[in-house]
Amino acid sequence: MRTAAELEMQQQKQQQKEELLQKSKEEQSMYADRLKNHMLTTGSWFSGYDITEYLGLVSGEIYITGLAWKFIFSANSTQFDTSLSSKIKEAKKAAVEQMILDSASLGGNGIIGISFTLNKLYDNSAMYISVNGTSIKMNKRKNS
């Protein structure tokens with residue numbers, strides 16, 4: 001038979017597990033909310049918001065491989081390749097999503113100073129898109 005002390009200890013452990021599970025669910029919900037509502041700008045601020053903390057540089061990079069992209073850098077590229085344009089657009093979107101994940105993991109709810117870079121590797125085997133910005137925490141300004 002279990003003693004009263006053993007039962008109480010087991011109940012305390014169970015309560016701690018439940019509290020940790022609840023905290024984990026709340027953190028996941030906050031993280032999902034930060035991802036969904038992340039604000040982005042190439043500027044240095046958001047109208048109507050106060051920056052409360054600068055969390056640091058965040059980035060995302062995507063590589064595009066294959067022969068089609070080389071057309072962009074060729075000397076006689078006078079035509080537009082819409083399929084390549086859509087690939088670049090998709091790659092930019094994926095790079096931004098990586099950057100947002102990076103920012104949200106730091107606790108940020110916005111990114112300022114966003115810039116894109118499109119480069120090719122030195123051996124022409126691929127091109128890459130890099131996006132960078134500064135992750136911030138901000139609060140909506142209260143109306144006076």
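**Exercise 1. Decide whether Tyr-128 is buried or exposed, then find its ring partner.**

Step 1. Tyr-128 has a relative accessibility of 19%. Buried means under 20% relative accessible area, exposed over 50%, and partly exposed in between (1.4 Å probe, protein chains only). Tyr-128 therefore counts as buried.

Step 2. Before going on, a word about the model: it is predicted, so local features need pLDDT of at least 70, side-chain atom pairs count only at pLDDT 80 or more, and totals for chains, interfaces and linings use all residues. Residues are numbered from 1 along each chain as its sequence is written, and side-chain values use heavy atoms, with hydrogens and water left out.

Step 3. The structure holds 1 aromatic pair. Tyr-63 and Tyr-128 form this tilted pair, 5.4 Å centre to centre with 40° between the planes. Rings of Phe, Tyr and Trp (its six-membered ring) pair if their centres lie within 6.5 Å; planes under 30 degrees apart count as stacked, over 60 as edge-to-face and the rest as tilted.

Step 4. Tyr-63 lies in strand E2 and Tyr-128 in strand E4, so the pair ties together parts that are 65 residues apart in sequence. With a relative accessible area of 46%, Tyr-63 is partly exposed.

**Exercise 2. Work out the order of the strands in the sheet.**

Step 1. Start with the elements: the protein chain has 2 helices and 4 strands, running α-β-β-α-β-β from the N terminus. Helices (H or I, at least four residues) and strands (E, at least two) are DSSP runs, numbered from the N terminus.

Step 2. The 4 strands form an open sheet in the order E1-E3-E4-E2, with mixed pairing. Strands E1 (39-40) and E2 (49-65) stand at the edges, each with a single partner strand, so one side of each is left without a neighbour in the sheet. Two strands pair if DSSP finds at least two bridges between them.

Step 3. Now look at E4. Antiparallel E2 and E4 are joined by 15 bridges; in E4, Ser-130 is the bridge partner of Glu-61, and Met-138 that of Ile-51. Strand E3 (residues 110-120) pairs with E4 in the antiparallel sense over 9 bridges, and Phe-116 has Val-131 as its bridge partner in E4.

Step 4. The hairpin of E3 and E4 has 5 residues between the strands, and Asn-124 takes a positive phi near 60° there.

**Exercise 3. Describe the surroundings of Ser-135.**

Step 1. Ser-135 sits in strand E4 (residues 126-140). Its relative accessible area is 0%, so Ser-135 is buried.

Step 2. The side chains of Ser-135 and Ser-103 are joined by a polar contact of 2.6 Å. A polar contact is a pair of N or O atoms within 3.5 Å; within protein, one must be able to donate a hydrogen and the other to accept it, and residues adjacent in sequence count only if both atoms are side-chain atoms.

Step 3. Leaving aside neighbours within four places in sequence, Ser-135 is in contact (heavy atoms within 4.5 Å) with residues including Glu-53, Tyr-54, Leu-106 and Ile-111.

**Exercise 4. Find where confidence is lowest and where it is highest.**

Step 1. The protein chain averages a pLDDT (the predictor's confidence in each residue, from 0 to 100) of 82, and 82% of the residues score at least 70.

Step 2. Confidence is lowest in helix H1 (residues 4-36), at a mean of 77, and highest in E1, at 94.
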